[in-house]
Each structure stands twice: as structure tokens, then as C-alpha cells.
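Got your viewer open and a selection box ready? Let's walk through this one stop at a time, with a rule or two along the way.

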Amino acid sequence: MNAAEKRHPDQERTQIRRKQVLDAAACCFGRSGFHGASMAEISKAAGMSAGHIYNYFDNKDAIIAAFVQQNMERVSALMVDLALKDDPLQSLVDQIGEHVRESMDPHLWVLPLEIFSESARNPKIAALLHDADRRTRAQFRAVLKSARIKRGLAVDDGLLDGRLETIIAMYQGLHVRALHNPALDEAAVVAGFRLAFTALLLH
């Protein structure tokens, strides 16, 4: 057995433990907020000692950094998948129902809102979010540009950037709308998104 094979079980165990901590932290942040949730509370929810948690994360900022990294990887994977579609622009329109439902699910938007809030006070978290946004935005822009060229549509910088930012803002804004208006009509929102996306993407 070579050195890499010997390390594998430890690496796998580390990933399992890190996920255990992140799952616990997500519950605690959602229940008590970033500042309200202590490392002791997180360790109890994770079923391990606070000292054990520090083997994987130096502090709560490091836990949030891991959440930001996770989300960046998730979005990046979605962009790779989108780029492989025969018609990425039409796929974005067709998947609106699924993506709107996800964005309105309180189990999914509570943690991002907590991270956004913390970034307004914490320059380190803000820098992480800015970097993640820059990377995923660049991926998304490249997919949109390629797909629009394929369709023979305009691809000047101002048009691309404006439509890209509008699409991102619409989805990110759904978190806040779902919070402010729990009775939001999902079907009506999906219809509105489909109308807007058809204009933004296919024209």
C-alpha cells in the first residue's frame, strides 16, 4: 500500500467529520443566528467536543468560509452542466419552476441570508463572497455569451453584463421576498420569471 492509499481513510474520515460540523452549524445558525450560535452549541449539535471541532475549523468564520466554498462549487457544477446543454438559454427558461421553488424554500434560504448579513459587518466574509461571486459570475457570463453567439444574438459587453446581473438579482431577491411575503404565489412568480427570462435570454 502506497502513501496515498494509506492517507485515503484519514481524508475520508476528515471529510465526514467536517460535514458533520457543517450540518450542525447550519442548524444552529438558522435557529440562533451567526452570533447567537456558540461553538459549544454547534459542538453539541454535532455530537463532538468543541476541542474536536477546532481540529477541522479554527472558528465560526472558517465555518462560514466552508459554506461559501460549498455553494461556489455547487454553482460552478451547475454552470458546467448548463454549458453542456444543447441550448443553454432555453434550458434556463425551462428550469425556472425548479429554481424558483428552490429559492423560495426556507430550508435553503435561511443560511444564505445569515451569511449575507454577516458579510455586511465582517470584511473577511465579504471578501470571500466577492471572490466566489466573481468566479461563478465569470462562468455564467461565458455560458451566456457562447449560447447567444450560437443563436446569433447580440453579445456586446453592456448587454451581457446587464442581463447577467438582472438574472442573478432576480434569484437572490427571491430569498428576501419569501421572507417578507410567506404567502407569495409560487405559480405567479414562476410565470413572471418565465416572461422576464424569455426576454432577457432569447432576445
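A salt bridge here is a side-chain nitrogen of Lys or Arg within 4 Å of a carboxyl oxygen of Asp or Glu. Keep in mind that this is a predicted model, where local features need pLDDT of at least 70, side-chain atom pairs count only at pLDDT 80 or more, and totals for chains, interfaces and linings use all residues. Residues are numbered from 1 along each chain as its sequence is written, and side-chain values use heavy atoms, with hydrogens and water left out.

**Stop one: the whole chain**

Start with a cartoon view. You'll see 10 helices and zero strands (DSSP runs numbered from the N terminus: H or I of at least four residues for helices, E of at least two for strands). The C-alpha atoms fill a box of roughly 55 × 50 × 30 Å along the principal axes.

Of the 203 residues, 35% are buried; buried means under 20% relative accessible area, exposed over 50%, and partly exposed in between, with a 1.4 Å probe and protein chains only.

Contacts are next: among those with a separation of 6 or more, 70% are between residues 24 or more positions apart (a contact is heavy atoms within 4.5 Å).

**Stop two: along α8**

Select α8, residues 123-151. Show the side chains of Arg137 and Asp133, which meet in a salt bridge at 2.9 Å, N to O. How far apart are Arg137 and Asp133 in helix α8? They are four residues apart, so about one helical turn separates them. Arg137 is partly exposed at 27% relative accessible area, and Asp133 is partly exposed at 29%.

Salt bridges with shared partners also join Asp131, Arg134 and Arg135 into one network. Zoom in on Asp131 and Arg134, where the closest N and O atoms are 2.5 Å apart. Both lie in α8, three residues apart, again about one turn of the helix. Asp131 is partly exposed at 25%, and so is Arg134 at 47%.

Now pick Asp87 and Arg151, a salt bridge at 2.7 Å, N to O. This pair links distant parts of the chain, with Asp87 in the loop between α4 and α5 (88-94) and Arg151 in helix α8, 64 residues apart. Asp87 is partly exposed at 25%, and Arg151 is partly exposed at 36%. By the same rule, the count comes to 13 salt bridges.

**Stop four: the largest pocket**

Finally, select Asn71, Arg74, Val75, Leu78 and His175: of the 38 residues lining the largest pocket, these lie nearest its centre. On a 1 Å grid over the protein atoms alone, a pocket is an open set of points where a 1.4 Å probe fits, with protein on both sides within 12 Å along at least five of seven lines, and lining residues have an atom within 4 Å of a point.

Its volume is about 1,400 Å³, meaning the space filled by probe spheres set on the points, which are joined across faces, edges and corners. Which classes does the lining of the largest pocket divide into? You'll find 21 nonpolar, nine polar and eight charged residues (Ala, Val, Leu, Ile, Met, Phe, Trp, Tyr, Cys and Pro count as nonpolar, Asp, Glu, Lys and Arg as charged, and the others, Gly among them, as polar).
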